[in-house]
Amino acid sequence: MSSSSAAHEFKVGDVVLAKIKGFPSWPGIIMDDDNVPKAVRDERPSTKSTLFTIRFFPTADYHWVTARDMTLLTSEDIQAFLAKPPRKSSDLQKAYKIAQDPTAWNDEQNRIVREHEAWVEQAEEAEDEEEDEDASKSSTRRRSTTQPRKRAAGTSAKASTNKRARAAEDVAAEAEGDAETPAEKEREPDEELDPATRKVREWRYKLQRAFLNKGGVIVASDMDAQDATFKTVEAYTDMTVEQLKTTKIGKVMKRIHQLPDVPHDDKFHFRERAGALVKKWGTLLGVASDEKA
């Protein structure tokens, strides 16, 4: 640590060179909690030492460091680095260029965080509404299948005791036959789905976990795998209206299309591809509506 850093009291907005074990020292900026995603804040480790949240240039990754693991990055330090022949890491070169004046870049990242946090909140509310709706439908189905059949009308009040007893036994037997068995109660809904629909629903779950999880964090290193999932969905030519309605994959794609920011989207174009699928499936649903009309 330089002598100037040793005497410096680090604060929000300081441009620093932070050191993380196993990685080279890297330029970033000290952030306040209000402009850091909730999912990142929730991962903050508990320690007696004062931790500073660093947003690293140029990828906007986050990590926490103590004062002893960072140095103040001065204009002289930045210019001295940029004056050297470019190194292999283009990201490091970009990081130092942003460090010269990170105001515009940081403001843009703050905007992305605000939009994403608002979107996550709306998505969670929508997901909770869907879960409540699904639970209500499931409860209705259980009530309808467990309700005993009514006895046939017209039983004489003057019937003999033996006849009434036999009638009661018949009703009890009918009720027992209509009740759900333990296996039926534990049966997963996907047992009622055909294999193709289960496959589409599994794609929906993969995409939802990757892009729309409640933590609000999209893992950049997972984007290659999600590209493969997108390609599988895009190559599927047998999508039906019933599959779209049952799996709700269209709603997930619509939300991905509306995301304010996706890692490596300049390479994979997830939002654009999601929008194209939503449009394609919308046409399919429209055709089905026209046929019914």
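This section describes the fold, the largest pocket and selected local features of the structure. The model is predicted, so that local features require a pLDDT of at least 70 and side-chain atom pairs count only at pLDDT 80 or more, whereas totals for chains, interfaces and linings use all residues. Residues are numbered from 1 along each chain as its sequence is written, and side-chain values rest on heavy atoms, with hydrogens and water left out.

The protein contains 13 helices and five strands; these elements are DSSP runs numbered from the N terminus, helices being H or I with at least four residues and strands being E with at least two. Of the 293 residues, 34% are buried, where buried denotes under 20% relative accessible area, exposed over 50%, and partly exposed the range in between (1.4 Å probe, protein chains only). Among contacts (heavy atoms within 4.5 Å) between residues at least 6 apart in sequence, 64% join residues at least 24 apart.

Helix H8 comprises 17 residues, 195-211, and spans 25 Å from its first C-alpha to its last, close to the expected 24 Å; the expected span is 1.5 Å times one less than the number of residues. Its buried residues include Trp203, Leu207 and Phe211 as well as Arg201 and Arg204. At the start of H8, a side-chain oxygen of Asp194 comes to within 3.1 Å of the backbone nitrogen of Ala196.

The largest pocket has a volume of about 1,300 Å³. Thr59, Ala60, Asp61, Tyr62 and Ala220 are the closest to its centre among the 38 lining residues. On a 1 Å grid over the protein atoms alone, a pocket is an open set of points where a 1.4 Å probe fits, with protein on both sides within 12 Å along at least five of seven lines; lining residues have an atom within 4 Å of a point. Grid points are joined across faces, edges and corners, and the volume is the space filled by probe spheres set on them. Helices H2 (38-42), H4 (90-100), H5 (103-146) and H12 (265-268), together with strand E4 (62-65), each supply at least two lining residues, and H5 gives the most, with four.

The loop between strand E3 (52-56) and E4 holds Pro58, which is joined to Phe57 by a cis peptide bond with omega of about -10 degrees. Ala60 lies in the loop between E3 and E4 and has a positive phi of about 60 degrees although it is not a glycine. Most residues other than glycine have a negative phi, and most peptide bonds are trans. Ala60 is buried, at a relative accessible area of 14%. A positive phi, of about 55 degrees, also occurs at the non-glycine residue His269, located in the loop between H12 and H13 and partly exposed at 36%.

Val65, in strand E4, counts as buried because its relative accessibility is 3%. Beyond its neighbours within four places in sequence, Val65 contacts residues including Lys19, Ile20, Leu51, Phe52 and Met70. Lys279 in helix H13 (residues 270-292) counts as exposed, at 65% relative accessibility; its C-alpha is 9.4 Å from that of Gly250, 29 residues away in sequence.

Definitions and conventions:
A polar contact is a pair of N or O atoms within 3.5 Å; within protein, one must be able to donate a hydrogen and the other to accept it, and residues adjacent in sequence count only if both atoms are side-chain atoms.
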